Amino acid sequence: MDLVKDIFSKTQTIFDSSNYPKKLPRTEQLRNQFNLPDNENIVDEANVEITVISSFSKAKLEEKGENTHLPSQQVYSGKLICFENFLVFKDDYDGLLFSFVLELLTIQKIQRLQRSYDFALLLNTSTELQFTVQFIGLKSQSERFCRNLTKLLKSQVTEVPKLNNFLMQLYSEYLLYKNNSSHLVIDGPPAGGLGWVFKFPGNAQKLNDRLKMRKWFDYFREYGRNFGLVRTLPFYKLVSYGLPNKLRGELWEVCSGSIYNRFLNPEAYNQFLVDYDD
C-alpha cells in the first residue's frame, strides 16, 4: 500500500504544472521577441506576403527603365501583427532573412491597391520605404485589419512632430541628410556621449571606421533606419563586422528596443541625473 501511495505521489508531482515554468501569454512573448515596450497590446494580425523597395532602389530601377511595380526583391511570407503603436513582421521560413518593427508614426501613406484578384496595400514610410502587403485569407478579415490600422494611424497624427523632433537627435538621420538622402532638415550633428567629448578608444583608421560608416549609409538608404528599419542578412553581417563609433549607441538602442522607451520617456534620463545628483 505504501508503495502505491509513493508511486501516486511521484506521478502527481511529475504532472503538477506548478513545478514547471508557466508559459508566457502570446502578447508578452511577441513583445519580448520584437523588444517592444511592456504596455503594448495586439490590436489585429493577418497572414500576408510582403515585398519592400526603397526610394533609392526605385530610382535606380527607373533609370534602367524597369517596372518599379514588380521589384526584383524576394517575397516574404508571415504574420503581420498590429500593436497599438507598431507593425511587426518576421519571415516564417527564416526570421533572419527579413523582419521589421515599424513605429506607426513612420507610416506616411496607406493606399489600397486596386487589384481584382487579391486584397493588397501600399505603405509608404518616412524612412523612404514602400511596402507592398498582399493579404492571404478572408477578405472580411483583411478589411478589418486595414480598418484597425487606419484608425490607429488617424489617432496618432498629432504625434508626428514629436517623432520628428526625436529623429533630429539620431546620427543616422543626420548622416542621410548631409548626403542628400533625407527630407528631414537637420542643422548639425546631434549631441553625442562621452566618446564624442573625449574621443573613442582605438585607432579609427585601423578599425576601418569610415568604411563601416559608408556601409551603414548604404544600408540605411536601401532598408531604412531607426524607427523604420528592415533587418535582413546583410544587417546581421554589418553588426558582426563592427559598428562605427558615431552609430554605436543608436544601433544598440534599435537592436535592444530601448529606443522606443527613450522616445516614450524623453525626460527620464535627465530626471535620473536630478534624483541622484552628487
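Visitor: How many bridges join strand β2 to strand β3?

Guide: Two bridges join β2 (residues 76-83) to β3 (residues 86-90), and the strands run antiparallel. This is a predicted model, where local features need pLDDT of at least 70 and side-chain atom pairs count only at pLDDT 80 or more, while totals for chains, interfaces and linings use all residues. Residues are numbered from 1 along each chain as its sequence is written, and side-chain values use heavy atoms, with hydrogens and water left out.

Visitor: What counts as a strand, and when do two strands pair?

Guide: Strands (E, at least two residues) and helices (H or I, at least four residues) are DSSP runs, numbered from the N terminus. Two strands pair if DSSP finds at least two bridges between them.

Visitor: Which residue is the bridge partner of Ile 81 in β3?

Guide: Val 88.

Visitor: What is the order of the strands in the open sheet?

Guide: The eight strands are ordered β5-β6-β7-β1-β2-β3-β4-β8, with antiparallel pairing. At the edges are β5 (107-113) and β8 (230-231), each of which pairs on one side only.

Visitor: Which strands does helix α2 touch?

Guide: Helix α2 (residues 26-34) packs on the sheet and touches β1 (42-54), β2, β3 and β4 (99-103). Contact here means heavy atoms within 4.5 Å. The direction of α2 makes about 110 degrees with that of β2; axes are lines fitted to C-alpha atoms, for helices over the stretch in contact, and angles run from 0 to 180 degrees between N-to-C directions.

Visitor: Which residues of α2 are buried?

Guide: Leu 30, Arg 31 and Phe 34. They lie on the same side of α2, because they cover an arc of only 105 degrees around the axis. The arc is that of the directions from the helix axis to the C-beta atoms. Buried means under 20% relative accessible area, exposed over 50%, and partly exposed in between (1.4 Å probe, protein chains only).

Visitor: What covers those buried residues of α2?

Guide: The cover includes β1, β2, β3 and β4.

Visitor: New topic. How many residues are in the largest nonpolar core?

Guide: It has 35 residues, and those with the most contacts inside it are Val 88, Trp 216 and Phe 227. Helix α8 (residues 209-223) gives the most to this core, with five residues. A nonpolar core is a set of buried Ala, Val, Leu, Ile, Met, Phe, Trp, Tyr and Cys residues joined through side-chain atoms within 4.5 Å.

Visitor: What does Phe 227 touch?

Guide: Not counting residues up to four places away in sequence, Phe 227 touches residues including Leu 163, Phe 166, Leu 167 and Phe 263.

Visitor: Which residues of helix α5 are buried?

Guide: In α5 (residues 160-167), Leu 163, Phe 166 and Leu 167 are buried. Their arc of only 100 degrees around the axis puts them on the same side of α5. The buried residues of α5 pack against α6 (171-178) and α11 (258-264).
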